[in-house]
Amino acid sequence: MIATVTLNASIDKLYVVDKLDPGKVSRVRQVEDGAGGKGLNVARVVGLLGERAIATGLSGGHAGARFAELAAAQGLNIDFVGCEGETRACINVRDLETGRNTEFLEPGPTLGAYTLERFYRKFQKLMDGCEVVTISGSLPRGAPVDYYQRLIYLAKSLSKTVILDSSGEALFEGIRARPTLIKPNLEELSWLTGTEIRDLDQALGPAGKLREQGVGMVAVSLGAKGVLVVTADGAYEGIPPTIEVVNTVGCGDSMVAGFAVGLKRGLDIMETIRLAVAASSANAMSLETGHFEESDYNELI
């Protein structure tokens, strides 16, 4: 089993418009609602890759009840802890004329110490049936910056494989707990190392330094160019084929799911990277976030 953590979950709303013209009324052609958050996307793709996943996190209020309904409708196995306030909404506006997506992300509720401790206990219980844990996204308001660090220390003490996909102080503090894998992009790697990094060649040295600090593997997301993975045995580049991109939202989460599945199955690093890049690329070919068509994935793999 693979557990995915989403502390700042959301109801994701997709608005499809002919043209997004700021300052003017936009008529929405299509609306889609889904249970959102990076860990939910990871869980969906883990399922598509043939492994069982359980998604956990925090949700609250009437929006939290709607979130649970949407998750169930999508066939997700969830075990969330209730929290104060309302689960946030995240809106993705897709402009058909330009092909661009514009996102509006609500901050979400502010959590108290009691809620965070309840989740910590839930997380501890879920570790009994899981081999791999992914921790994704931003920390909710009210959570200390080292909260992910606490979760990683706990999971590592129980000999679990841990993937951390976050940013800012949450990522910086999480690295101190030595997760199995982190997945920064070039901007996040620049921030972490205090070095301006623009391409793969510039990323190689800084990624290696992070690995020397105790991170098992550093997977640097390169967007359409794929991923650079630095391990104890060397550095590897995963290069995706040329595809027709439909939707890039969720590609990073799909890559995390691929890494999680590869690590759970004990695949060698090159097979794991191949799986992760194929899953990410297949997601880019689908209109739905955290989803791919089996035929697309099989062709890519």
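Colleague: What should I know before I start?

Modeller: The model is predicted, so local features need pLDDT of at least 70 and side-chain atom pairs count only at pLDDT 80 or more, while totals for chains, interfaces and linings use all residues. Residues are numbered from 1 along each chain as its sequence is written, and side-chain values use heavy atoms, with hydrogens and water left out.

Colleague: At what angle do helices α6 and α7 cross?

Modeller: Axes are lines fitted to C-alpha atoms, for helices over the stretch in contact, and angles run from 0 to 180 degrees between N-to-C directions. Here α6 (residues 186-193) and α7 (residues 200-212) have axes that come within 10 Å and cross at roughly 60°. That makes α6 oblique to α7; under 35 degrees counts as roughly parallel, over 145 as roughly antiparallel, 65 to 115 as roughly perpendicular and the rest as oblique.

Colleague: Which residues make the contact?

Modeller: Contact means heavy atoms within 4.5 Å. On α6 they are L186, L189, L192 and T193, and on α7 they are A203, P206, A207 and L210.

Colleague: Now salt bridges. How many are there?

Modeller: Side chains of opposite charge can pair when their charged atoms come close. The rule wants a side-chain nitrogen of Lys or Arg within 4 Å of a carboxyl oxygen of Asp or Glu, and the count comes to 14 salt bridges. One of them joins R150 and E117 (3.7 Å, N to O). R150 lies in helix α4 and E117 in helix α3, so this pair ties together parts that are 33 residues apart in sequence.

Colleague: What about a pair within one helix?

Modeller: An α-helix has 3.6 residues a turn, so residues three or four places apart point the same way. Look at R274 and E271, whose side chains meet in a salt bridge (3.0 Å, N to O). They are three residues apart in helix α9, about one helical turn. R274 is partly exposed at 40%, and E271 is partly exposed at 33%.

Colleague: Which residues form a network?

Modeller: Salt bridges link K38, D165, K183 and D253 in a network.

Note on methods
Helices (H or I, at least four residues) and strands (E, at least two) are DSSP runs, numbered from the N terminus. Buried means under 20% relative accessible area, exposed over 50%, partly exposed in between (1.4 Å probe, protein chains only).
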